[in-house]
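Hi,

Here is the structure I promised to pass on. Have a look at it first, and then read my notes below.

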Amino acid sequence: MFSRFKKPEAGPSASAAAARPAAPAPAPKPGISRPAVAPARPPAEAVAADKEKKRKERLGELKQELHKRLLDNLNLAAIEQASEANLKAEIAAISAEALDEMSVALSKEDRTTLNQELYDEVMGLGPLEPLLKDESVNDILVNGPNRIFVERNGKLTLTDITFKDERHLLRIIDKIVSAVGRRVDESNPYCDARLADGSRFNCMVPPVAVDGSLVSIRKFKKEKLGIPDLVRFGAFTEEMGLYLQAAVSCRLNVIVSGGTGSGKTTTLNALSSFIDNTERVLTIEDTAELQLQQVHVGRMESRPANVEGKGAVTQRDCLRNALRMRPDRIIVGETRGEEVIDMLQAMNTGHDGSMTTIHANSARDGISRLENMVAMAGIEMPLKAVRSQIASAVNLIVQASRLQDGSRRMVSITEITGMEGEVISMQEVFRYERLGVEPNGKIIGRFNATGVRSHYSDRFKQWGYDLPASIYEPII
Ligand SMILES: Nc1ncnc2c1ncn2[C@@H]1O[C@H](COP(=O)(O)OP(=O)(O)OP(=O)(O)O)[C@@H](O)[C@H]1O
Ligand SMILES: [Mg+2]
């Protein structure tokens with residue numbers, strides 16, 4: 001299927017890649033750390049690195065040869081039923097025989113690595129497999145076959161893992177997308193999918209991806225971060241947690257706003273823990289990531305069109321249908337298009353306590369995003385009417401942010417209080433104040449109340465959440 005992208009075979013391409021002059025290193029970006037650059041290395045280290053590189057290349061070539069032999073020798077139909085241990089033993093036996101035949105002697109360590117990599121090729125996603133298993137990795141970002149970045153603790157790092165070449169990368173992509181009945185090629189160059197373990201996957205292949213296929217994976221975490229975890233990690237304070245508990249329990253409509261990877265979905269998931277177990281909650285997402293703990297949860301996932309361009313079910317379709325399913329609350333994973341109209345209407349008409357996330361850099365920016373989405377959905381409504389619809393639908397905007405040092409924090413909690421003339425009025429109740437930067441780049445800061453009492457205090461009280469006045473008092 002990827003034959004259109006096939007490169008002419010000019011000898012083993014692992015060594016061809018090595019012979020190629022190294023691409024110029026891009027200028028270092030803040031937040032992206034890279035391994036040391038070669039010229040700075042003392043000669044002994046450079047020799048060792050060269051030896052290690054050659055060893056890896058040799059292993060890569062062997063792996064390719066053995067992979068071919070495995071595919072010829074393994075009974076692929078029987079693989080499905082084989083246990084992991086049996087299959088690993090079988091792979092070890094076939095590869096030992098092949099290495100013997102080729103008169104190749106490998107150390108025990110190299111053999112183990114090779115056999116694990118072969119297992120990952122046959123059963124899993126090849127070079128991505130160890131990264132998928134690594135619990136400390138949040139995101140995996142592939143920029144062509146030779147550059148795989150990972151995000152750990154909010155920081156991006158270039159790994160030394162590579163694909164053999166673009167064809168190898170395309171083969172793995174094909175494995176992923178064909179498992180969900182999709183296809184990527186020149187005419188359908190990108191695709192969203194979910195990996196078997198629930199991770200969110202997106203890819204874009206050449207020629208649209210200019211320097212080789214682009215892959216982004218947001219790893220699925222079985223153990224979602226809860227409110228206590230987020231407080232422990234310094235994402236917000238216990239007082240802010242109390243306030244948010246009151247807001248969600250009293251059915252305020254909440255929008256979590258933030259940039260990419262800032263922790264919006266994590267925050268939304270954690271906030272949902274305050275929803276009462278007796279409520280019927282419907283969730284709508286493009287890729288199902290939320291994991292609500294309530295008993296009565298209906299999950300929906302939108303679906304893109306098939307190859308013939310048919311069968312699409314949009315978030316808006318799900319949302320419209322959800323309104324007929326007697327929900328107490330509706331949670332939309334991310335509002336990014338025309339579904340905004342139905343979301344605002346749902347929030348305005350009896351489904352209070354609904355929540356969603358949007359991509360925006362501040363609460364005010366979030367409002368503009370909502371206005372733009374309404375305009376782009378083709379609704380011809382005067383701006384003032386749109387604003388008043390937003391003002392009465394949305395009660396609270398929680399701003400999530402990933403700071404330069406990689407930490408994720410709830411940098412602002414802002415209430416929408418109504419309209420003043422043509423403008424939506426809001427008040428910030430809590431904010432994160434930056435106080436400086438440590439020499440190691442860590443940001444010094446603190447959460448503080450702004451001194452304004454919540455616009456919803458009376459509502460909180462009526463619902464039995466009598467928050468102490470002290471939580472609104474700022475530290476001077
Ligand atoms: N406060 C936090 N502390 C540590 N890790 C966090 C925190 N919040 C989120 N994360 C981790 O950061 C990653 C990104 O979080 P999340 O998926 O919630 O971001 P997002 O804003 O929804 O991203 P996207 O824009 O891609 O949808 C996840 O792996 C998550 O586990
Ligand atoms: Mg998200």
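**What I found**

The largest nonpolar core of this predicted model has 62 residues, and A247 and V254 have the most contacts inside it. If you click on A247 and skip its neighbours within four places in sequence, you'll find it in contact with L252, V254, L396 and Y456. There is also a second, separate core of 21 residues, with V142, I148, V150 and V177 among them. As a general point, nonpolar side chains in soluble globular proteins tend to be buried together.

Now for the ligand. Around ligand 1 there are 16 residues, of which N138, G263, K264, T265 and T266 come nearest. Sorted by class, that shell has eight polar, four nonpolar and four charged residues. Domain 2 (125-221) and domain 3 (227-472) each supply at least three residues to it. Among the elements, helix α10 (residues 264-271) gives the most, with three residues.

A few backbone spots are worth a look too. P206 and P207 are joined by a cis peptide bond, with omega at about 5°. P207 sits in the loop between β6 (200-204) and β7 (214-218).

N153 has a phi of about 50° and belongs to the loop between β3 (148-152) and β4 (155-158). Are they buried or exposed? S103 has 6 other C-beta atoms within 10 Å, so it is exposed. N153 also counts as exposed, because it has 12 C-beta neighbours inside 10 Å and the cut-off is 12 or fewer.

Cheers

Key: Residues numbered from 1 in each chain as written. Chains lettered and ligands numbered in written order. Predicted model: local features only at pLDDT ≥ 70, side-chain atom pairs only at ≥ 80, totals over all residues. Near = placed C-beta within 6 Å. Helix = DSSP H or I, 4+ residues; strand = E, 2+ residues; numbered from the N terminus. Nonpolar A, V, L, I, M, F, W, Y, C, P; charged D, E, K, R; others polar. Domains from an automatic or database assignment. Core = buried A, V, L, I, M, F, W, Y, C linked by C-beta atoms within 7 Å. Buried ≥ 20, exposed ≤ 12 C-beta atoms within 10 Å, placed from the backbone. Contact = placed C-beta atoms within 7 Å.
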